[in-house]
There are 2 protein chains.
Amino acid sequence: MARSTSLSGFAEWLPAERLVELHMLDTLREVFERHGFSSLESRAVETLETLLQKGEVDKEIYAVSRLQEELAEDAAPKKDGRLALRFDNTVPFARYVVENAGHLNFPFRRHQIQKVWRGERPQDGRYREFTQADIDVVGDGELPFRADVEIAVVIAQALDSMPIGEFHLRINNRKLAQGFYTALGLEDTTAVLRGIDKLEKIGPERVAEDLKTTAGATDEQARKALALAQIRTEDTSFVDQVRALTEGLTGDTALLEEGLAELEELIAEVGKRVPGRAVADLSIARGLDYYTGTVYETVLVGHENLGSICSGGRYESLASKGRRTFPGVGISIGVTRLVARVLSSEMATATRSVPAAVYVALRTEEDWGAAQDVADQLRSRGINAEVALKAEKFGRQIRHADRRGIPFVWFTDEEGNHEVKDIRSGEQTAADPATWTPADDDMLPRIVESV
Amino acid sequence: MARSTSLSGFAEWLPAERLVELHMLDTLREVFERHGFSSLESRAVETLETLLQKGEVDKEIYAVSRLQEELAEDAAPKKDGRLALRFDNTVPFARYVVENAGHLNFPFRRHQIQKVWRGERPQDGRYREFTQADIDVVGDGELPFRADVEIAVVIAQALDSMPIGEFHLRINNRKLAQGFYTALGLEDTTAVLRGIDKLEKIGPERVAEDLKTTAGATDEQARKALALAQIRTEDTSFVDQVRALTEGLTGDTALLEEGLAELEELIAEVGKRVPGRAVADLSIARGLDYYTGTVYETVLVGHENLGSICSGGRYESLASKGRRTFPGVGISIGVTRLVARVLSSEMATATRSVPAAVYVALRTEEDWGAAQDVADQLRSRGINAEVALKAEKFGRQIRHADRRGIPFVWFTDEEGNHEVKDIRSGEQTAADPATWTPADDDMLPRIVESV
């Protein structure tokens, strides 16, 4: 765990750590597919043009070039048509949807669990290569709001299935926030959102100053915008709190009402299906991202310093192709950061470092074939088994299994009698390779939560 | 299938195609773990130095650089400490073993199923990004020969579990070949190997010329070297054929005998455990790769134009750390090339394009919560279920399920009575969400082989 890696920002796990990661990845896939999300993968590279087309990109991009071409062409990398590594799964997915629209059925649900790369300064918990697990629902022309609810429910269930303890899915709605600012009489709602987004970093007083200078807010408007951002409820009582703030306002409240109704439905439904996980948090802004309605963030209770472990939201237009637009809603789990914390905090560990449940010992060098026969009988019944490569002393062979956490060692004597030893208890009993089966708990390496 | 991708050399699958790939990847993982191989992943990037340290590298490398750094530093990419994408899983694994030797237990079995990148000209069946599935066994200081046998058996079983039809694992041993050349009196055995490696490309006559000019062979030596390369048997009868060629030779035959004994054991054991798959093929040389004993190649019968779909061999020193050496033996399946052929030849298809077995229809917009309750009851029993996002006409909702191949549509009437329709037969029956279960074959999308 305290190992340092040879390239900072790039995590590599030891076998037992990898088992924890695999368990988390397998669990995510299972929950996503349980809800009808199809698995997809996109290529690692995009054209630089695709990656930059959303305009301002605050992610550090890794460019990619063929070394031999570079050497041949005097080391001057071309600017056009260049390739670069994806920095998230959303931009590639949007491109994929446009390219394959004719082959997909909408609304289209997909999960995508892949590595992404960002050339940022590696800090505690920041990786240059990390796995993101995304789910999105994308429509053709339209996508009912309840897709936003579905995404929240699925991700809350997925996170609930992981060995990470308590978390809070903090949800807001940009229509609510922007509708509120409009109702307040503030026209540059983007400037207000950006100001509010800094709340956690710079505090309410400096945000108020910021709102006055960049968004032209009065004291009263700034005060109310800040008051809105301070609303945080685990049920739908935020609705009354917002109404109290808007009493007597004369501006247009249509957008505000739409956002309020959406967030109310979302919080009620998630609260009902995955109790105690959803929080209406009206401070959530999601910075520069181009969300148009629901926005999600997630904090791990007791590990708030990790930042949001899972974020996303609704795009009115995730992608477009001529006049055709594809609205979408999605969310993304930062898996590597989560795995790293689970490992460093020892929130979960693997019961052993290898898949084998049984280590078949060798009595003599000539016995390897017979030992493989035993192992094959076990394997044919779904029991993972490894055969010793050398007929060392039994003590050494047992130690070999013990070091890996393999629970059982199999012995066959000269007459072909079989015995299996549970090396934890030391108990050794006669066994038949055609029928003997370990306890369910010993079949596969398990991930044990220490919470 | 005939879709063209937007970036040549980079495959991206549609959901139903991805299911075929996933099935193949899941099967590989299962077989590998059944035999005790641990899952590992390495980072996508290596230093250029690591990638080039084996000397001559015939793979086109993709270099990686931080775009912002590049722009800041006047577009001159640095030569030192540069990063590049891995082109196989072996070089990164060797580096990983050296870095983590203190944390690993040897002999160490691992599987690694990851994307690799090569900037080669994309041709038919050649990809710039593709998945390789590797297994290796690596020892500390020593590694018994039977690890070579184990690798062949495991990979033959793995390939046997895939929907790819017949294949031949063609196996040779460099000790046998080099020992034979030495016994013949040819000293530059590497030059002979390189000549023989061209056999399939340029034919025996030009190889004979090549051997005479580059390896100083006489007519008789060239003839015998070529005769050795023409030996190909599905059993151990190659041993007698080699002995017939070596009769009367006076050179040192120690290495030849060692190689003969190894290959004989290997062919016998694989033939016994996975009948009809192993072929002793004394023409296999594996070109520039640094193998020191067993070498493996695999051809798909009827798809020989794919080239080798699975190759590898034994390294006396996969890696080293000071005086400590780590011998290894391993093999790698080119998964993407194989998946592409399975798809284009329709060797296997998915029974549906989405994970859901049940599509829960909406009678009215207000029913969404109740429909999710039904779906949750199904999901809690392991049945993948999707809920309609809109209360469209039932005909449209059924069509929605039909297009995705979802076999069942669930209806709940005003009184809360449930019915489920098998949309293939049209049969509709009363059903209880707490107990109804689809047939086993309909639970998950299945991969159906058309062979």
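Helices and strands here are DSSP runs, numbered from the N terminus. With that in hand, welcome to a predicted model in which chain A holds 15 helices and 19 strands.

**How the two copies relate**

- Two copies of a chain are related by a rotation about an axis and a shift along it.
- Both copies use the same surface, since 100% of the contact residues of chain B recur in chain A.

**Chain A as a whole**

- The C-alpha trace of chain A spans about 95 × 60 × 45 Å along its principal axes.
- Chain A has 451 residues, and 60% of them count as buried.
- Take the contacts in chain A between residues at least 6 apart in sequence: 69% of these join residues at least 24 apart.

**Helices 7 and 9 of chain A**

- Helix 7 of chain A covers residues 189-197, and its buried residues are Thr189(A), Ala191(A), Val192(A), Leu193(A), Gly195(A) and Ile196(A).
- Those buried residues of helix 7 pack against helix 6 (174-184), helix 8 (199-214) and helix 9 (219-229) of chain A.
- Helix 9 of chain A has buried residues too, namely Gln221(A), Ala222(A), Lys224(A), Ala225(A), Leu226(A), Leu228(A) and Ala229(A).
- The cover over the buried residues of helix 9 of chain A includes helix 6, helix 7, helix 8, helix 10 (238-246) and strand 9 (278-281) of chain A.

**Helices 8 and 9 of chain B**

- In chain B, the axes of helix 8 (residues 199-214) and helix 9 (residues 219-229) come within 8 Å and cross at roughly 155°.
- Angles over 145 degrees count as roughly antiparallel, so helix 8 of chain B is roughly antiparallel to helix 9 of chain B.
- The crossing of helix 8 of chain B and helix 9 of chain B is right-handed.
- Helix 8 of chain B brings Leu199(B), Pro204(B), Val207(B), Ala208(B), Leu211(B) and Lys212(B) to the contact, while helix 9 of chain B brings Asp219(B), Ala222(B), Ala225(B), Leu226(B) and Ala229(B).
- By type, the residues of this contact between helix 8 and helix 9 of chain B are 9 nonpolar, no polar and 2 charged.

**A look at Phe411(A)**

- You will find Phe411(A) in strand 16 (residues 408-412) of chain A.
- Phe411(A) has a relative accessible area of 9%, so this residue is buried.
- Leaving out residues up to four places away in sequence, Phe411(A) touches Ala361(A), Phe394(A), Ile398(A), Asn417(A), His418(A), Glu419(A), Lys421(A) and Gln428(A).
- Ala319(A) is 92 residues from Phe411(A) along the chain, and their C-alpha atoms are separated by 62 Å.

**Backbone details to look for**

- Most residues other than glycine have a negative phi, and most peptide bonds are trans.
- A cis peptide bond joins Phe106(A) and Pro107(A), with omega about -5°.
- Pro107(A) sits in the loop between helix 4 (90-100) and strand 5 (108-117) of chain A.
- In chain B, the peptide bond from Phe106(B) to Pro107(B) is cis, with omega near -10°.
- Glu346(A), although not a glycine, has a positive phi of about 50°.
- The loop between helix 12 (335-344) and strand 13 (348-350) of chain A is the place of Glu346(A).
- Glu346(B) also has a positive phi of about 50° without being a glycine.

Key:
Residues numbered from 1 in each chain as written. Chains lettered and ligands numbered in written order. Predicted model: local features only at pLDDT ≥ 70, side-chain atom pairs only at ≥ 80, totals over all residues. Heavy atoms only, no water. Buried < 20%, exposed > 50% of the residue type's maximum accessible area, 1.4 Å probe, protein only. Helix = DSSP H or I, 4+ residues; strand = E, 2+ residues; numbered from the N terminus. Contact = heavy atoms within 4.5 Å. Axes fitted to C-alpha atoms, helices over the stretch in contact; angles between N-to-C directions. Parallel < 35°, antiparallel > 145°, perpendicular 65-115°, else oblique. Left-handed = near helix turned anticlockwise from the far one by under 90°. Nonpolar A, V, L, I, M, F, W, Y, C, P; charged D, E, K, R; others polar.
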